[in-house]
Amino acid sequence: MKKIEAIIRRSKYRVVKEALHDKGVMFFSYWDVTGVGHEQKGSVYRGISYSTTDIQRRYLSIVVNDDFEAATISAILEAAKTGEVGDGKIFVSDVQDAYRIRTGEKGGDTLR
């Protein structure tokens, strides 16, 4: 099993969610997060200074069986891309095991 974590633009969330559902990924968790990017300047709007270093993003956490890894990553890459700086990142790590609390099942079948 793989854990796929993606940090994407909040404006792209709905498109990414639909792309994941189209690939058969029906369950995942997400959070609204704030991060710090490379840009170190601020902007001024109507005399008020705003920091542009704090970036609002959506963080997705998805656990899939190994055979869904490539499809999940390609769905996120295609749906989240704008071609601009700040499109996000994807991280992949191994999941050693999973358990379904309700039944006590163990392993990859818990993801279905």
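These are my notebook entries on a predicted model of a protein.

**Overall layout**

I began with the secondary structure and counted two helices and six strands. Reading along the sequence, I wrote the pattern down as β-α-β-β-β-β-α-β. The chain has 112 residues, and I noted 31% of them as buried. I then looked up the accessible surface, which comes to about 7800 Å². Carbon and sulfur atoms account for 51% of that area.

I also checked how far along the chain the contacts reach. Taking contacts between residues at least 6 apart in sequence, I found that 70% join residues at least 24 apart.

**The helix pair**

Next I turned to helix H1, residues 13-22, and helix H2, residues 69-80. Their axes are 9 Å apart, and the packing angle is about 150 degrees. The crossing of H1 past H2 is right-handed.

Which residues of H1 and H2 make the contact? From H1 I listed Val15, Val16, Ala19 and Leu20. From H2 I listed Thr72, Ala75, Ile76, Ala79 and Ala80. Sorted by type, the residues of this contact are eight nonpolar and one polar, with no charged residue.

**Ala75**

Is Ala75 buried or exposed? Its relative accessible area is 4%, and under 20% counts as buried, so I put Ala75 down as buried. Leaving out residues up to four places away in sequence, I recorded that Ala75 touches Ala19, Leu20 and Lys23. Two of these names, Ala19 and Leu20, were already in my list for the H1 side of the helix contact. I also took the C-alpha to C-alpha distance from Ala75 to Val25, which is 9.9 Å for a sequence separation of 50 residues.

**Ala6**

My last entry concerns Ala6, which sits in strand S1, residues 2-9. Its relative accessible area is 0%, so Ala6 is buried by the same cut-off of under 20%.

What does Ala6 touch, not counting residues up to four places away in sequence? I wrote down Arg58, Tyr59, Leu60, Ile76, Lys89 and Ile90. Of these, Ile76 is also one of the H2 residues in the contact with H1. For Lys89 I looked up the spacing as well: the C-alpha atoms of Ala6 and Lys89 are separated by 5.7 Å, while the two residues are 83 residues apart along the chain.

Notes. Residues numbered from 1 in each chain as written. Predicted model: local features only at pLDDT ≥ 70, side-chain atom pairs only at ≥ 80, totals over all residues. Heavy atoms only, no water. Helix = DSSP H or I, 4+ residues; strand = E, 2+ residues; numbered from the N terminus. Buried < 20%, exposed > 50% of the residue type's maximum accessible area, 1.4 Å probe, protein only. Contact = heavy atoms within 4.5 Å. Areas by Shrake-Rupley, 256 points an atom, 1.4 Å probe, with all protein chains shown as cover. Axes fitted to C-alpha atoms, helices over the stretch in contact; angles between N-to-C directions. Left-handed = near helix turned anticlockwise from the far one by under 90°. Nonpolar A, V, L, I, M, F, W, Y, C, P; charged D, E, K, R; others polar.
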